[in-house]
Amino acid sequence: MATFPDPHGLDGLPDRVSVYEVGARDGLQAESAVVATATKIEFIQRLERAGLRAIEATSFVSPSWVPQLADAADVLTGLERHPGVRYPVLVPNLRGLERAVAAGAEEIAVFVSATEAFARANLASTLDEAVRTAAGVVQQAGAAGLGVRGYVSMCFGDPWEGRVDAAVPAGVAARLVELGCRTVSLGDTIGVATPGHVHAVLHAVRDQGVGLDRVALHFHDTYGQALANVLAGLQAGVTEFDSSAGGLGGCPYAKSATGNLATEDLVWMLHGLGIATGVDLDLLLRTSVWMADQLGRPAPSRVVAALGRPQGL
Ligand code: HMG
Ligand code: MG
């Protein structure tokens, strides 16, 4: 029997892509059920066994805002960490950085919005204040030797403000790079991007002097465009993509956001293009189905639907 996907490359695409797994953070923060700490830890270790090398583990945000991740310190200290695997954590402010450092974080991610409305809904601040807060966090994290990623959300549209000019997320991304973020992830938080729009935003980012080797793309599959958008990103020269196992997630402060792009759907396409990811699709599929079982519902990804339930999770 043939093994699928049967790889066929396309000219001009990279040989290898980094998959940045966000299920344990972006996925579980949006679940109404609070998942047990031990289950979160097992999820992360399974992802690691499936070959993921950057696994966002949790977030040190206010527990009154995101009670689902109130056990952040226990998750991070409970993990068995291995060399060559990164376990970044999301941090909103200096209080979060303090907590993350106390729990042994080696890498953090700060997050700002491209729009005023989402800065208010997600961080209770103006965009300027959010960037200033992020600046303080990036500066202190850098001084402490931590790696820092920056997220810009609502880069392609916002549920309150509507269309977002490409120059706006590009300007915020450039600011985050200038502050010291190693990588900036451009988020399509509500999943409204289409491929030409991805090119336009990446073009604007390059115009601000940010090389695409510093850019990651973070798509949600609300309108079924996430993989088309990944292909547009690959063609433009991006080599890092965020996704969540089983397509878990949405965003608690943007009600129209549905799941993140599923990691197995992303890996299926990348392997089909002959692009190496280091991920074992079979182990990843088992992990996504296992996690969906813990949540008591099926994983919404296409690959899970197509391949069905594996024997022995
Ligand atoms: P605030 O209410 O203005 O904060 O929220 P505050 O400074 O007034 O503090 C309120 C309480 O929270 C205080 O406690 C603080 O100590 C505490 P109290 O005195 O009432 O007992 N507090 C904290 N506790 C623990 N850790 C902390 C922390 N900070 C304050 N770090 C705040 C401001 C930033 C805290 C809040 O808005 C917050 O936590 N927001 C985060 C919400 C969130 O996690 N959203 C999802 C992020 S995902 C995203 O943005 C999109 C992304 O996934 C990409 C994409 O999908 O596109 C990245
Ligand atoms: Mg997301």
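## A tour of rings, cysteines and pockets

A search of the whole structure, which is a predicted model, finds 2 aromatic pairs. Start with those.

**Stop 1: the stacked pair.** Select phenylalanine 118 and tryptophan 160. Their rings are stacked, 6.1 Å centre to centre, with 25 degrees between the planes. Now look at where each ring comes from. Phenylalanine 118 belongs to helix α5, while tryptophan 160 sits in the loop between β6 and α7 (167-179). Is phenylalanine 118 buried or exposed? Its relative accessibility is 2%, so it counts as buried. Tryptophan 160, at 47%, counts as partly exposed.

**Stop 2: the tilted pair.** Select phenylalanine 156 and phenylalanine 219. The ring centres are 6.2 Å apart and the planes meet at 50 degrees, so this pair is tilted. Phenylalanine 156 is buried, at 3% relative accessibility. Phenylalanine 219 is buried too, at 1%.

**Stop 3: a charge over rings.** Select arginine 149, then tyrosine 20. The charged end of arginine 149 sits over the ring of tyrosine 20, 3.4 Å from its centre.

**Stop 4: the cysteines.** How many disulfides does the structure hold? The count is 0. Select cysteine 181 and cysteine 155. Cysteine 181 is in no disulfide, and the nearest cysteine sulfur, that of cysteine 155, is 13 Å away. Cysteine 155 is buried, with a relative accessible area of 0%. Cysteine 181 is likewise buried, at 0%.

**Stop 5: the largest pocket.** Select Val61, Leu90, Phe111, Asn122 and Leu123. Of the 38 residues that line the largest pocket, these lie nearest its centre. The pocket holds about 620 Å³ of space. Among the elements that give two or more residues to its lining are α4 (94-102), β5 (107-113) and α6 (127-143). Colour the lining by class: 21 residues are nonpolar, 13 polar and 4 charged.

**Stop 6: the second largest pocket.** Select Asp221, Asn260, Asp265, Pro300 and Ser301. They are the closest to the centre of the second largest pocket, among the 17 residues that line it. About 290 Å³ of space lies here. By class, this lining has 6 nonpolar, 7 polar and 4 charged residues.

Technical notes: Residues numbered from 1 in each chain as written. Chains lettered and ligands numbered in written order. Predicted model: local features only at pLDDT ≥ 70, side-chain atom pairs only at ≥ 80, totals over all residues. Heavy atoms only, no water. 1 Å grid on protein atoms, 1.4 Å probe; cavity = no way out; pocket = protein on both sides within 12 Å on 5 of 7 lines; lining within 4 Å. Points joined across faces, edges and corners; volume = space filled by probe spheres on them. Helix = DSSP H or I, 4+ residues; strand = E, 2+ residues; numbered from the N terminus. Nonpolar A, V, L, I, M, F, W, Y, C, P; charged D, E, K, R; others polar. Disulfide = S-S within 2.5 Å. Buried < 20%, exposed > 50% of the residue type's maximum accessible area, 1.4 Å probe, protein only. Phe/Tyr/Trp six-rings, centres within 6.5 Å; stacked < 30°, edge-to-face > 60°. Lys NZ or Arg CZ within 6 Å of the ring centre and 35° of its normal.
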